Amino acid sequence: MSSFRVIEYNKYKICLNDETYEPSDDTGLLLDIIKINKGEKVIDIGTGTGILGLHSLFQGAKEVIFVDINPFATEATLCTLRMYPFTSYHILNCDLMECFRHNVNFDVAIFNPPYLPYEEYHRWIEYSWSGGKTGVDVLVRFLRIVKAKRIYTLYSSLDDEDYLQEIINKLKYRISLRKEKTIGFETLYALEIYNDKISDS
């Protein structure tokens, strides 16, 4: 197991280690728009410290599945969740949806993706920011395979926004909310996306 330190971010106490992404402006932007209805089933991809899925549990999620390709991040998530009374969760160490044998539908999918146009994979933490050549390569792969009625995710002005929008249109997703924050020369965009092909039944 890794050595952890406990920090506080946006009122939540969370565990962090040197190979796990520390919550920052992107995290805060997503926390601002995520709305979970009581009883919804949530998947938190790229969970990191677990803060977004934890936020979902506090909002009334029936169950949250936490997934990260980084084994140090899943350890951090477990450490975080053990500080709270919740038991309706599972933590998986895998790449996006590859742990699931069959298509599984969720009410909500949350993904704070790697969104920088880099391909650096020498350390586990580099998976947190290496979004491929377009900056949205990992996000696009996620959007193509996830089955959820509602998706919360994020991208950067450094990314290929036209390519991302093309994929969203091709998949017939509907952007219902866009919130942005500018930090220096970069703007972050948090999205609430609906998949109307998945019914409420």
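Modeller: First a term: buried means under 20% relative accessible area, exposed means over 50%, and partly exposed is in between (1.4 Å probe, protein chains only). Helices (H or I, at least four residues) and strands (E, at least two) are DSSP runs, numbered from the N terminus. Bear in mind that this is a predicted model, where local features need pLDDT of at least 70 and side-chain atom pairs count only at pLDDT 80 or more, while totals for chains, interfaces and linings use all residues. Residues are numbered from 1 along each chain as its sequence is written, and side-chain values use heavy atoms, with hydrogens and water left out.

My pick is helix 2. Seven of its nine residues are buried, so the helix is mostly covered. The run from I51 to L54, that is I51, L52, G53 and L54, is on the buried list, and H55, S56 and L57 complete it. Zoom in on S56, which sits in helix 2, residues 51-59. Its relative accessible area is 0%, so S56 counts as buried. What does S56 touch once its neighbours within four places in sequence are set aside? Taking contact as heavy atoms within 4.5 Å, the partners are I34, I36, V42, A61, V64 and I110. Just past the end of helix 2 comes G60, with a positive phi of about 115°.

Now zoom out. The protein chain has five helices and nine strands, and in sequence order they read β-β-α-β-α-β-α-β-β-α-β-α-β-β. For 201 residues, a compact globule would have a radius of gyration near 17 Å, and the chain's 16 Å agrees with that; the rule is 2.2 Å times the number of residues to the power 0.38, and the radius is taken over C-alpha atoms. Along the principal axes, the C-alpha atoms fill a box of roughly 40 × 40 × 30 Å. Of the 201 residues, 51% are buried. Take the contacts between residues at least 6 apart in sequence: 60% of them join residues at least 24 apart. The accessible surface (Shrake-Rupley, 1.4 Å probe) comes to about 9900 Å², with 48% of it belonging to carbon and sulfur atoms. As for charge, the 23 positive and 29 negative charges have mean positions 8 Å apart, counting Lys and Arg as positive and Asp and Glu as negative, without His or the chain ends.

Look at strand 9, residues 186-194: eight of the nine residues are buried, so the rest of the structure largely encloses it. Two strands count as paired if DSSP finds at least two bridges between them. Strand 9 pairs antiparallel with strand 7, residues 148-156, over seven bridges, and there S156 stands opposite L188. Strand 8, residues 174-183, is also antiparallel to strand 9, joined by nine bridges, with R178 opposite L191. Strands 8 and 9 make a hairpin with two residues between them, and G184 in that turn has a positive phi of about 65°.

Strand 1, residues 5-9, pairs with strand 2 in the antiparallel sense over five bridges, and V6 has C15 as its bridge partner in strand 2. The loop between strand 1 and strand 2 holds N10, and with a relative accessible area of 45%, N10 is partly exposed.

Backbone angles are worth a glance too. Most residues other than glycine have a negative phi. N10 has a positive phi near 50° without being glycine, and K172 is another non-glycine residue with a positive phi, near 60°. K172 is in the loop between helix 5 (161-170) and strand 8, and at 61% relative accessible area it is exposed.

R123 is partly exposed, with a relative accessible area of 42%. Leaving out residues up to four places away in sequence, R123 touches D18 and E19. N70 is 53 residues from R123 along the chain, and their C-alpha atoms are separated by 9.5 Å.

Notes
The place of a charge is taken as NZ of Lys, CZ of Arg, CG of Asp or CD of Glu.
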